[in-house]
Amino acid sequence: MAQRVVVTLYDDIDGSEAAETVAFGLDGRSYEIDLNEPNAEKLRKVLAPYLQAARKKSKSGKVYRHTAVTADPAAVRAWARSHQLDVPPRGRIPKKVYEAFEAAN
């Protein structure tokens with residue numbers, strides 16, 4: 001015996017037949033809402049300015065962070081040596097050396 005299951009979505013706003021389920025998140029919570037095409041378009045139009053200004057979240061759940069771009073370490077080492085600053089030949093360059101380099105350039 002075979003069965004046929006038909007799932008009909010109804011718009012959660014006006015009760016008409018829905019065209020899609022829209023997923024979204026806010027304040028760390030995930031939501032889904034079934035909407036017809038006009039209501040889905042309205043939701044996207046209202047959210048558009050916020051989506052343009054927002055940052056995307058990575059798939060791992062971590063937020064992308066913008067970091068400061070520092071100068072090329074080789075250039076900083078060369079500059080530090082030419083100015084008789086103590087800088088190690090390898091490894092981490094002290095912050096004070098980077099600060100002096102930035103101030104000079």
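Accessible areas here come from the Shrake-Rupley method with a 1.4 Å probe, and for residues only the protein chains shown count as cover. With that in hand, I looked up the surface: the protein exposes about 9,500 Å². Carbon and sulfur atoms supply 53% of that area.

**Ground rules.** I am reading a predicted model, where local features need pLDDT of at least 70, side-chain atom pairs count only at pLDDT 80 or more, and totals for chains, interfaces and linings use all residues. Residues are numbered from 1 along each chain as its sequence is written, and side-chain values use heavy atoms, with hydrogens and water left out.

**Elements.** I counted 3 helices and 2 strands. These are DSSP runs numbered from the N terminus, with helices as H or I of at least four residues and strands as E of at least two. From the N terminus the order is β-β-α-α-α. The radius of gyration is 27 Å, well over the 13 Å that the globule rule gives for 105 residues, so the protein is more spread out than a compact globule. That radius is taken over C-alpha atoms, and the rule is 2.2 Å times the number of residues to the power 0.38. I also noted the span of the C-alpha trace along its principal axes, about 85 × 40 × 20 Å.

**Domains.** The assignment gives domain 1 (1–55) and domain 2 (73–104). Such bounds come from an automatic or database domain assignment. I find their centres, taken over C-alpha atoms, 55 Å apart.

Buried residues make up 19% of the 105. Buried means under 20% relative accessible area, exposed over 50%, and partly exposed in between (1.4 Å probe, protein chains only). Among contacts (heavy atoms within 4.5 Å) between residues at least 6 apart in sequence, 18% join residues at least 24 apart.

I checked Asp 27 in the loop between strand E1 (20–26) and strand E2 (29–35). Its phi is near 55°, a positive value in a residue other than glycine. Asp 27 is exposed, at 72% relative accessible area.

Gln 84 sits in the loop between H2 and helix H3 (95–104). Gln 84 is not a glycine, yet its phi is positive, about 55°. Gln 84 is exposed too, at 68%.

Thr 70 lies in the loop between helix H1 (37–53) and helix H2 (73–82). I have Thr 70 as exposed, with 53% relative accessible area. Its C-alpha atom is 11 Å from that of Ile 93, 23 residues apart along the chain.
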